[in-house]
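Subject: Structure for your review

Dear colleague,

Please find the structure below, followed by an account of what was found in it.

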Amino acid sequence: MAFHVEGLVAIVVFYLAILAVGIWAAWKTKNTGSEGDRSEAIIVGGRDIGLLVGGFTMTATWVGGGYINGTAEAVYVPDYGLAWAQAPIGYSLSLILGGLFFAKPMRSKGYVTMLDPFQQLYGKRMGGLLFIPALMGEMFWAAAIFSALGATISVIIDINVNISVIISALIATMYTLVGGLYSVAYTDVVQLFCIFLGLWISVPFAMSHPAVTDIGLTAVHHVYQAPWLGSINSLDIYTWLDNFFLLTLGGIPWQAYFQRVLSSSSATYAQVLSFLAAFGCLVMAIPAVMIGAIGASTAWNQTEYGVPDPKSKREADMILPIVLQYLCPVYVSFFGLGAVSAAVMSSADSSILSASSMFARNIYQLSFRQNASDREIVWVMRITILLFGASATAMALLASSVYGLWYLSSDLVYIIIFPQLLCVLFVKGTNTYGAIAGYLFGLVLRITGGEPYLYLQPLIFYPGWYQDDNNLYIQRFPFKTLAMLTSFFTNVTVSYLAKYLFESGTLPPKLDFLDAVVARYSREHMDKATLVKSDNIVLNELAPVNPRHSLTLSSTFTNKEAFNYVDSSPELSNTEDN
């Protein structure tokens, strides 16, 4: 491959610009947050992210390199086409549903991370269990992005893939390390602007290339390959629906999303940001769809790319940078290729920050070091940002099936965390026993369904399964959605069953080894019955109990707060983490 000097210059320019913006944002906000809540400022940006920056950063969390490259690839590949490009509609609906039903209760209760309500209701053990699929999703997603970035740069210039991955990861980790959410948010603004401008500038030039046939014609007629509009075979309709629900509902319970929600100045702003991001996702998908259509409408033997075409060379996943490089003038591809390469980091940095935020707060602070100082938490976050960034980079370099691992982990987020989030926010009466049972049932059903990307053969063969040309078992049945629903109903059923058995006396209180029913019920009602005698008596004056450790509130609370504790307390209680 010829060395592409313009591409190298573009990448260097945009990488330096991204790094400069990240460092500037860190310097601009270095004094944000009082002496006692600097860690919260890093995680949720002091809860003062405005509509403009918030809308950009929430959109950029989804619209990264994987989003635009994947959309263009789906449209280009003959077996799929636009009909299978589900990400734009799926993620947009996910953001709308998140804004309508999840953003307000999460933001109004003042949570700091997505795992806070789980630890508040189910205790620290369950919070630790839910941290596992959440961490896997964030880490494998970041690794997949870095891996795709290395492949993208290898298309642009003849440079070692490993070097490009390492440099990209270092830059993303560096500005995330120094500035937290502020740096991530401000760099997202630049990255999203670059994607929008770079792609829309490139589209008319690519369409006007002599080797490109009218995309309106190739949309419905076979010219160089099957029409790029695509179609859904009747046998694949359930697979399509299963994937669509996974994108729509499984796109909600991610820390990267709730980090933006919780950084908003109000619950209403959090909802508006979700709706703005939904619109942004649709708008940003349009040029990616058109570039995929252009790739399907090109006679590649009439271009410098030559023969065979990208899909025959197994480079269909790189169709977007290939179109920009070979169908656009040099000065256009200069901007487009550099923007795409730099923009790939817009999702990776969010994943790294999300993983470190959950670990520092929900695992280190709330589970092991409740008395940890704010300075200590900040340093834990910095160390974990480095560790998680290095881990994602290592996986991108060493793992042969990074995308397979991410598909599996994203399935676990959909199957395990989403039904748990529904229960913790909207179903009263669920407890730790139901949460653990739902967790295990969902996990077992997903693993036993197999995963072709990881060559994991299924143990349960659902109706409609078949073997492909590589002797891999493919499930047509929507078993992922079945596993999610099973996890949800198992949580509710086991929770109410445990509550009935303990409260009716069928099971003795000593068997409540998780303190999820008897101890919790007795503690809450004893405190309320006692406190009702005086509005001015605080809890720590009545009985020696463990105080609540909080970043923003005092360690004791009054009678009124005790009455509202279960439903509206914004902090986590140590007394529930037994």
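Helices (H or I, at least four residues) and strands (E, at least two) are taken as DSSP runs and numbered from the N terminus. This is a predicted model, in which local features need pLDDT of at least 70 and side-chain atom pairs count only at pLDDT 80 or more, while totals for chains, interfaces and linings use all residues. Residues are numbered from 1 along each chain as its sequence is written, and side-chain values use heavy atoms, with hydrogens and water left out.

Backbone features

Most residues other than glycine have a negative phi, and most peptide bonds are trans. Against that background, N471, in the loop between β1 (466–467) and β2 (473–474), has a positive phi near 60°. N471 is exposed, with a relative accessible area of 51%; here buried means under 20% relative accessible area, exposed over 50%, and partly exposed in between (1.4 Å probe, protein chains only).

The loop between α13 (267–296) and α14 (319–327) contains P308, which is joined to V307 by a cis peptide bond with omega about -5°. R314 also belongs to the loop between α13 and α14. Its phi is positive, about 60°, although R314 is not a glycine, and the residue is exposed at 77% relative accessible area.

Helices

Helix α4 (residues 65–76) has 12 residues and spans 16 Å from its first C-alpha to its last, close to the expected 16 Å; the expected span is 1.5 Å times one less than the number of residues. Because 9 of its 12 residues are buried, α4 is largely enclosed by the rest of the structure. Among the buried residues of α4 are Y67, I68, V75 and Y76.

Helix α11 (residues 237–250) has 14 residues and reaches 19 Å, close to the 20 Å expected. Its buried residues include W240, D242, F244 and G250.

Surface

I89, L93, I96, L100, F101, F275, L282 and F426 form a nonpolar patch on the surface, with about 670 Å² of accessible area together. The elements giving two or more residues to this patch are α5 (87–108) and α13, and the largest share, 5 residues, comes from α5. L93 lies in α5 and is partly exposed, with a relative accessible area of 33%.

Nonpolar side chains (Val, Leu, Ile, Met, Phe, Trp, Tyr) are joined within 5 Å, and like charges within 9 Å. Accessible areas come from the Shrake-Rupley method with a 1.4 Å probe; for residues, only the protein chains shown count as cover.

Yours sincerely

Notes:
Patches are made of residues with over 30% relative accessible area and no salt bridge: like charges are joined within 9 Å, nonpolar side chains (Val, Leu, Ile, Met, Phe, Trp, Tyr) within 5 Å. A salt bridge is a side-chain nitrogen of Lys or Arg within 4 Å of a carboxyl oxygen of Asp or Glu.
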